[in-house]
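Me: I have a structure open and want to learn how to read it. Please take me through it feature by feature.

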Amino acid sequence: MSKPKFYLYLRRSWRQEEHRKIVALGPVVFLVATYLKTSPLSNLVGIYHAPIRSIVRATNLSEEEVKKSLLELERIDFCRYEHTDEYVSVTGALAAQLGANLSVTQIQGALKALDHLINDEGAPFAEELRAKIDEDASCQAKITEYEEKQAVKKLSARKPKKVVEIGSQAGSFYAHKQR
């Protein structure tokens with residue numbers, strides 16, 4: 001089974017305003033931004049543990065270059081970096097990868113990932129994104145509609161219980177289905 005692919009770098013990215021801002025900051029900042037979008041540590045929601053030393057090792061940049069690049073990327077609101085716990089939150093990662101019109105399955109996957117980040121890792125930024133999704137009326141409407149459909153489906157799929165009658169014939173017991 002192959003690992004899910006997150007943060008696909010699409011050709012249209014080159015035409016986006018955010019991308020142009022990053023390129024204008026120079027090749028070092030561009031490399032760090034590209035790493036943050038395509039990191040093997042990344043996940044669906046764009047909040048993950050990204051130690052400076054891992055970024056240094058993967059990009060072959062110095063620690064100082066990585067730290068400066070992260071500050072520049074934070075300044076243009078590309079990401080937020082929590083320096084103490086070394087977690088990154090790539091702004092708009094979920095919508096960028098899956099589109100603005102998420103399916104119920106995608107919403108549920110994002111909520112599951114966020115719950116893991118909150119409960120198991122204590123990741124910064126995760127509770128904030130979870131609250132945004134919880135407050136998003138379109139996400140909640142899709143979840144409610146999905147749950148209602150599932151309930152109807154479950155009820156309609158129920159089969160009446162079969163009646164079994166037990167009787168005796170020549171001293172032995174047997175069972176047969178009521179028709």
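Me: How many helices and strands does the protein chain have?

Reply: First, the ground rules. This is a predicted model, where local features need pLDDT of at least 70 and side-chain atom pairs count only at pLDDT 80 or more, while totals for chains, interfaces and linings use all residues. Residues are numbered from 1 along each chain as its sequence is written, and side-chain values use heavy atoms, with hydrogens and water left out. Helices (H or I, at least four residues) and strands (E, at least two) are DSSP runs, numbered from the N terminus. Here the protein chain has eight helices and five strands. Their order along the sequence is α-α-β-α-α-β-β-α-α-α-α-β-β.

Me: What share of the protein chain is buried?

Reply: Buried means under 20% relative accessible area, with a 1.4 Å probe and protein chains only. In this protein chain, 32% of the 179 residues are buried.

Me: How is a pocket found, and what is the volume of the largest pocket?

Reply: Rolling a probe the size of a water molecule over the atoms shows where empty space is left. A pocket is an open set of points on a 1 Å grid over the protein atoms alone, where a 1.4 Å probe fits, with protein on both sides within 12 Å along at least five of seven lines; lining residues have an atom within 4 Å of a point. A volume is the space filled by probe spheres set on the points. The largest pocket comes to about 490 Å³. Its lining has 25 residues, and Gly-92, Leu-94, Leu-129, Lys-132 and Ile-133 are the closest to its centre.

Me: Which element gives the most to the lining of the largest pocket?

Reply: H7 does, with four residues.

Key: Buried means under 20% relative accessible area, exposed over 50%, partly exposed in between (1.4 Å probe, protein chains only).
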